[in-house]
Every structure is written in structure tokens, then in C-alpha cells.
Amino acid sequence: MLTRVWPGGYLMPLEECVSASTRELEDRGATLVQSAFSRHEMVELRSEIEQVYTELPPDSRGSNKSREIADEFRYEMFNRSPLSQEIVGRREILEVIEPLLGEDCHIIANTCWRNPPSGKSSHGGGSWHIDAGPHIPLAFDQVWPEEIPHPTFAVGVHIYLQDCPLEAGPTAVVPGSHKSGRPPPQEQRNATELKFNGLGAQIFATRMGDVLFFVSDVWHRRMPPASEHNGRFFLQVHYGRRDIAQRVKTTHERNHIDDEALSRIDSVRERLLFGLHAQGFYDG
């Protein structure tokens, strides 16, 4: 747990009491807050987001996907939906994550997922992965000391716009795996059963209005859906420490380099050095 202390603005350990949800997120890498938002709020939010899907075509950053898969996503949602902008700043969310990321944490990505019913799409996080990092890589013979809380750099949040029962393929997390310092084993990335330190996957079947929080380093995936299901529909938000760059827009579209300086770049390494990065996960 941490807080930013002034003068100086340095991060220091937080001595105050925090919620059980925050402690579970820090320790296990994920936590579910049930009925965080009312059904009425979610119906209104869902209706507005459906309008975004109707009025805006799939974002060009999905060009490496098929048109059908690209259509499942809409990016930078707080720019496109006033109700999305309101919900992602609610205290029901911030009170869980601020003790881990700091009171000045910010949104680094905001994407809506609308995976279709039945088996029409193969996309949707359907293999074990991490969203970023590991932020503290460890060798195979290294173990994170249990007496030291593992720092959190980014947190993913799913705000559920409809129920996501087991048949729809909900998100599963391997508890404690964010402390591994490693991505999931490549040879087991498609397995439904995966363990870390003896703990198997925890599957989060959810209801409309629930909010799932997970540390970006934790091993997680969408579980295989049944042959017939109602799909998944949720607003995804990633929050990061102030030190983590926002990725709401790609660096090709928003960067800090002027045209004249850009014209002097003549190598791939220079492009990276001056912030012109290739598209990554948080960019969509």
C-alpha cells in the first residue's frame, strides 16, 4: 500500500486501513466487487455504449485483426461516451485501486469488449497471458519474499454490462501469479488448468453491475465458452501509476516529437527512443 506525500511528491508506505477488496487485490492479484453499480446505471451505460458501436466503425488500430473481430471492440471510451467517462472515475473503483497505485493514478487504456454469442469469434483473451510486464521480472530460481508486499503498477478493471455466467467464458485468474515475475508457461498457455504455488485458476462468473479488478501481471484468460451462450459485454479500464504512460491513443497519433525533429529520425531505435512505439496491448 502506498500514498504520495508532499512536499516532494514521493511515494511512501500507506499506514491507513484499506478495504478487504484492496488487500485481496494486492495479495491474490484479483478481487471481485459484486453489485458495485446498480442495474439501472448499467442499463443506461450499456445503451449509450451500444450507440457508440452503431455510430462509430471499428477503430483502425484493429487492422491486424479480421473485420469481424475488430468490430467487437471500441477504444478510448471515455472520449466517446459521457457515461463511460463518469463511471470510470467513480469512488467505487478508485477506493479499491488508489492505495495500490497512488491517489494520482490515471487511466492508461479504456476499451469496450462486446464478444458475440455462440462460437462466432475465437478472440477474447482465450489463452493464459499477462497484460504488461512482468514489471519485476524474476529468474526461475528466484522467489518473491512473502514478507514484502508485491508492488502494483497497473490494474485492469472489468465493469460488467450484462451477466457473464460460466457458459459465456468468464475471466479466470491464477491467484498469486503476479508475484511470479514471469509470464504464464508457454507450453500451458491454452490449458484450462494452470497452477502457481499449488493454487489453481479462480473463475469469476459475474452479474451485471459487478466489477472485477486484476493486477496487470497476474496470469489470466477467458475460459472456453459453451457452444451456446449470450456473449460477453463489459467496459474495460486500465489504471496505472502516474509514472506509467497513457496508451489511450497510439504513439503514432499522439506523441511529443515535433515534425522537424521527426524528419531527422533515420532508424528504428531512434523511433523508439523518441517515443514512437509499435502498437502494444494497451493501445488495443
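The legends below describe an overall view and several close-ups of a predicted model. Residues are numbered from 1 along each chain as its sequence is written, and side-chain values use heavy atoms, with hydrogens and water left out. Because the model is predicted, local features need pLDDT of at least 70 and side-chain atom pairs count only at pLDDT 80 or more, whereas totals for chains, interfaces and linings use all residues.

**Figure 1. Overall view of the protein chain, with eight helices and eleven strands.** Helices (H or I, at least four residues) and strands (E, at least two) are DSSP runs, numbered from the N terminus. The C-alpha trace spans about 50 × 50 × 40 Å along its principal axes. The radius of gyration is 19 Å, which agrees with the value near 19 Å for a compact globule of 284 residues; it is taken over C-alpha atoms, and the globule rule is 2.2 Å times the number of residues to the power 0.38. Of the 284 residues, 49% are buried. Buried means under 20% relative accessible area, exposed over 50%, and partly exposed in between (1.4 Å probe, protein chains only). Contact means heavy atoms within 4.5 Å; among contacts between residues at least 6 apart in sequence, 83% join residues at least 24 apart. The accessible surface comes to about 14,500 Å², and carbon and sulfur atoms account for 51% of this surface. Accessible areas come from the Shrake-Rupley method with a 1.4 Å probe, and for residues only the protein chains shown count as cover. There are 30 positive and 40 negative side chains, and the centres of the two sets lie 4 Å apart. Lys and Arg count as positive and Asp and Glu as negative, while His and the chain ends are not counted. Each charge is placed at NZ of Lys, CZ of Arg, CG of Asp or CD of Glu.

**Figure 2. Aromatic cluster of Phe-73, Trp-113, Tyr-160 and Phe-234, linked by ring pairs.** Rings of Phe, Tyr and Trp (its six-membered ring) pair if their centres lie within 6.5 Å; planes under 30 degrees apart count as stacked, over 60 as edge-to-face and the rest as tilted. By this rule the count comes to five aromatic pairs. One of them, Phe-73 with Trp-113, is edge-to-face, at 4.9 Å centre to centre and 85 degrees between the planes. Phe-73 lies in strand β4 (residues 73-74) and Trp-113 in strand β5 (residues 106-115), so this pair ties together parts that are 40 residues apart in sequence. Both Phe-73 and Trp-113 are buried. The rings of Trp-113 and Phe-234 are stacked because their planes stand at 20 degrees, with centres 5.5 Å apart. This second pair links Trp-113 in strand β5 to Phe-234 in strand β11 (residues 232-240), 121 residues apart. Relative accessible area is 10% for Trp-113 and 1% for Phe-234.

**Figure 3. Ser-216 in the loop between β9 (211-215) and β10 (220-222).** Ser-216 is buried, with a relative accessible area of 0%. Not counting residues up to four places away in sequence, Ser-216 touches Ile-130, Asp-131, Ala-132, His-135, Ala-154, Val-155 and Tyr-282.

**Figure 4. Helix α6 (residues 91-101), which is mostly covered.** Eight of the eleven residues of α6 are buried, among them Ile-93, Leu-94, Glu-98 and Pro-99. Gly-102 follows α6 and has a positive phi, near 105 degrees.

**Figure 5. Ala-226 in the loop between β10 and β11.** Ala-226 counts as partly exposed, at 33% relative accessibility. Its C-alpha atom is separated by 6.4 Å from that of Ala-168, a residue 58 places away along the chain.

**Figure 6. Two cis peptide bonds, one from Trp-6 to Pro-7 and one joining Gly-133 and Pro-134.** Omega is near 5 degrees for the bond from Trp-6 to Pro-7, and Pro-7 sits in the loop between β1 (2-5) and β2 (10-13). For Gly-133 and Pro-134, omega is about 0 degrees. Pro-134 is part of the loop between β5 and β6 (154-160).

**Figure 7. Positive phi at Ser-35 and at Glu-76.**
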